[in-house]
Amino acid sequence: MKKKLSFLIIVTFLLTAFFTVPVLGADNLSVEDSLKEIVSYYENSKTTLDNWEEVVGLANADVDLSAEPWQLPDWQVDSLNENSNPTEYAKVILGMRAAKQDSTNVNGRNLVNELAAKQEVTGNFGEYITDTIWSMVALDTAGKTYDVSGAVDYLLNKQTSDGGFAFSGDIADPDMTGFTLIALASHMNVESVNDVVYQAEECLKSIQLDSGGFGYGGGDAENSASSAAVIRGLVACNKDITSSEWTKNGNSMIDALFEFQLPNKSFSHLGSETSDLSTRQALIAITELISNGFGNYIISGTVPVSAPEEPTVQIEVTVRVEGLEDTGTILDETLVNIDSDSRVFDALKQALDDAGVSNSINTAAEWLSIDDISIDTAAEISENFYWMYTVNDNLNTDTNPVLNQGDAITVYLIKYPTTFYAKLSLSKEEVNKGEKVKAVVNKSDGGWPANYIPADGVQVHFGDEIYITDENGEVEVTIQTAGTFKVYADKYDESGIPGIVKTASKTLVVKENSSNPGSTETGITVKIAILGKQGNLLYGPGSVIISKNDSYGQTAMSALDATSLNWTISNTWDGLVTEIAGEENEGMNGWMYSINNNSAWDVPQNASVSNGDKVLFWYSMDAMEKGPTWNDVENLSKGNLENTTNVIKDEKKVKERLTSYIEEITALSKTKALNADNQMTQKEANKIKSELADNTVNLSKEVGKAEAVIADTEVSMLVPENALSQTKSLTIKELAANKETQQFAVKLGSSIYEFGPSGTKFDKPVTISLAIAITEDMDIENLTPAWYDEVNKQWIPIPGVIDLKTGLVVFQIDHFTKFAVIDLPDILPEILPELLPDRVTFTDVGENISWAQDAIEILAGKGIINGTGQGLFEPQRCISRAEFVQLIVTSLQLKSEEYDGLFSDVDSSNWFAGAVASASNNKIVSGYPEGTFKPNNSISRNEVASIFYYLEGTKKSSNDVNLVFSDLDNIPKWAADGVNYVHTQGLMQGYEDETFRGNDPLSRAEAAVVLYKYLNSVSSI
């Protein structure tokens, strides 16, 4: 989503197209004469200007834009701030200068200085190459001093392997190559720039089309915009674009550009319709041709012989348009017949027109920008709303792609960054009354490329009934009424803004049962339950209806199939069940079943059942065991595990296992790790982690003076003989982590288990084991079992052993309370009481950002980091250099110092001045070569790495570590030590693609996590 919105912001600088258009060009006219015609088009058709390029082009044509009837754009200067894209600043500056307006004094603001201050240490402006291109053009036009060398080096480093430039990837496209040449043209006195310009020329020659023009992405899709961009770039570099080396089949690129001019003298982008974007960019190209001496060039206007028209092939697609809550669905799913070469916006416009929905769609657009789309939403749309689209729920759809038969298009209105696209699926679309059906909702993760993730807390509508999805994005519903139901999902905030885009609806058909439940003619009801390998219920106990007409008839196999769980049978032993719900047979362990508590010895598809029978499948660990009973299952479903044979393992084996560790525990003063040379593999750890996640501990047993064992696969306890003087009902329950048990600098390495009754005392030590997955990210040296001190609200370590092979953490206690495995960093015990603040919670920090929740809430509780007001933290917003420096100074308990005017862009009245002075005087941060600090710039990962290196790196880091980041060449020398340090200390890691992305900005959430890690594991404060 982020990348798409960035495209929307810079769309005026990206020239893209896909089709070759009809040749409608000029007829033996000079370039200078053609300028008069295009100006007349604006005078007759478009005197209200809404884009900076129109202003620049007309001003270049010596049009007096201060006179009637011209109306200049609203530059919306108030919306420009430290978080604005540099491109937005650049286009306002260029437009205002062309209109002879002062961009250095807009209500006391100097926009040129503000743009210059956005330059990064690495020379670039912003995240994208276009940010640097147009910032350079704007600043050069304004005569503003900036780090030219850094900006030029940044652009040169962006050169693709074929010699040109691209927005992304390593294959040059003519548009971006032309734009880059415009930016470099003012700096051709630099030898390296001349070399690159030459290489770019050669690249453009290699991709020039036989028509003389250029196609999007260097391909065959010729368009006027690509030719205009190349013309502008080459003439800016004083190249003769009319020479023979640039002429193909008698046509130059100028001729190719004018082949897209329409009879009304505007220009098309594709097809035969006027494109505002293509017209204004052709206008600028024409004015620059004239100013560079090409005004007398005679346009050929050559019209090739048209091939006979082929019959038009029609295809069918569907179009759906979603708005806000008040707006509702603007256009329900509608079938549209269109030409086979049509694109998304062609289909959209036709569908809206056919439905009578008022609209204005520029079908030549590449993105649905505010300038190119208007749909009647019956609601006021602010600047934070954007139109987006998907084809067949593909989140990474190409720009305005060609459609295929049967494609499903969804166009939707979002508010950035709180709305996400979503899709709904049903486990079944036809069920009998009383059967269960599962709805699953997934949404965009907000990234680019984007992926789908579970959408929790979403409303799923089954007809008039509404259900809420769980953390897996799922909801299971039993429909008790026959009929046809419309099922869809949505989620809106109190203002009617969608949290997810309302999904396409599904149709659920619920049929009446064809017979009475007791009938043996066509259907019977049987009970069924399924126990997994951890003794957990995978299904039931519940009832299903099976029929003689089912694939397996009225058998145990049909009962299993009716649960809707996934299952497989053996390829070699016909009918043998080898897997249920992802749990597969292993060796002698595997799936068994019984009917009415009688173990069956034939495969389930051969085992007949009758009305009311009880079918039980369980995962057996012992082929000779009798297995659980139906009574065990019912007890399990009620939370009483005492009598469940499959859950409570062999008590003798549990006792032997726990006893084997007791001798090792007895003399320990701190926790000890065992089997370090035989630690479980990551695959084994992942398996245990999954098993623990599927299991919920809830054990109870009456225990007296006799020895007793209470256990399941996650927790076990051995109570020795005479440890209790009277009989008690002992319980073990797994708890969710909560605010009460959270402690600064302490991380949980397991679930929390409450042993009850709380406060129970034992006359002899009780031995307990907790199972954990030993993962690669664990700090084994700091892992320890612990009990929770309810009075002082802190975890107290218990000496024990951690078996790295089995994952068992074993220890002894003499009283009951809460127990867990914790990860306790190296913090002096005597200062722990001072580090136990209350957490501060924020409404926008929760499960959606669980990876940073502890860091944010705990640091906020310490007063180190603050929210942004109204209960918000804004975790995804980029953190500025000033904000991060203030965090560092506060967390290190440094005194704010008097600011002495060290930096030209920091005033003593600024809220951050004291922190900047303190950090600078302590040599934690530094400014830029020209004497600025750029406090409002987003701080980069490279800069953060350097700050921590200045703090601790010279004392603790080693230069012997070899970094493995694939983008090492992009890490500047000044940041190398810092990146090495934060990587070796575990403060900052790379991404899944093995990059470090040092130029990327840090979000507020990321800043909190890095600082939290530093305070917990490195800092000596």
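## Terms and model

Contact means heavy atoms within 4.5 Å. Helices (H or I, at least four residues) and strands (E, at least two) are DSSP runs, numbered from the N terminus. This is a predicted model, in which local features need pLDDT of at least 70 and side-chain atom pairs count only at pLDDT 80 or more, while totals for chains, interfaces and linings use all residues. Residues are numbered from 1 along each chain as its sequence is written, and side-chain values use heavy atoms, with hydrogens and water left out.

An open sheet of mixed pairing is formed by four strands in the order E2-E1-E6-E5; two strands pair if DSSP finds at least two bridges between them. At the edges are E2 (329–339) and E5 (385–391), each pairing on one side only. Direction ignored, neighbouring strands are turned by 20 degrees against each other on average.

E5 and E6 (residues 408–415) run antiparallel and are joined by seven bridges. Thr-390 stands opposite Thr-410 in E6.

Helix H13 (residues 344–355) lies across E1 (314–322), E2, E5 and E6, and runs at about 115 degrees to E2. Axes are lines fitted to C-alpha atoms, for helices over the stretch in contact, and angles run from 0 to 180 degrees between N-to-C directions.

## Helices H6 and H7

H6 (residues 129–142) packs on H7 (residues 148–157) at an angle of about 140 degrees, with the axes 10 Å apart. The contact is made by Ile-129, Thr-132, Ile-133 and Met-136 of H6, and by Ala-151, Val-152, Tyr-154 and Leu-155 of H7.
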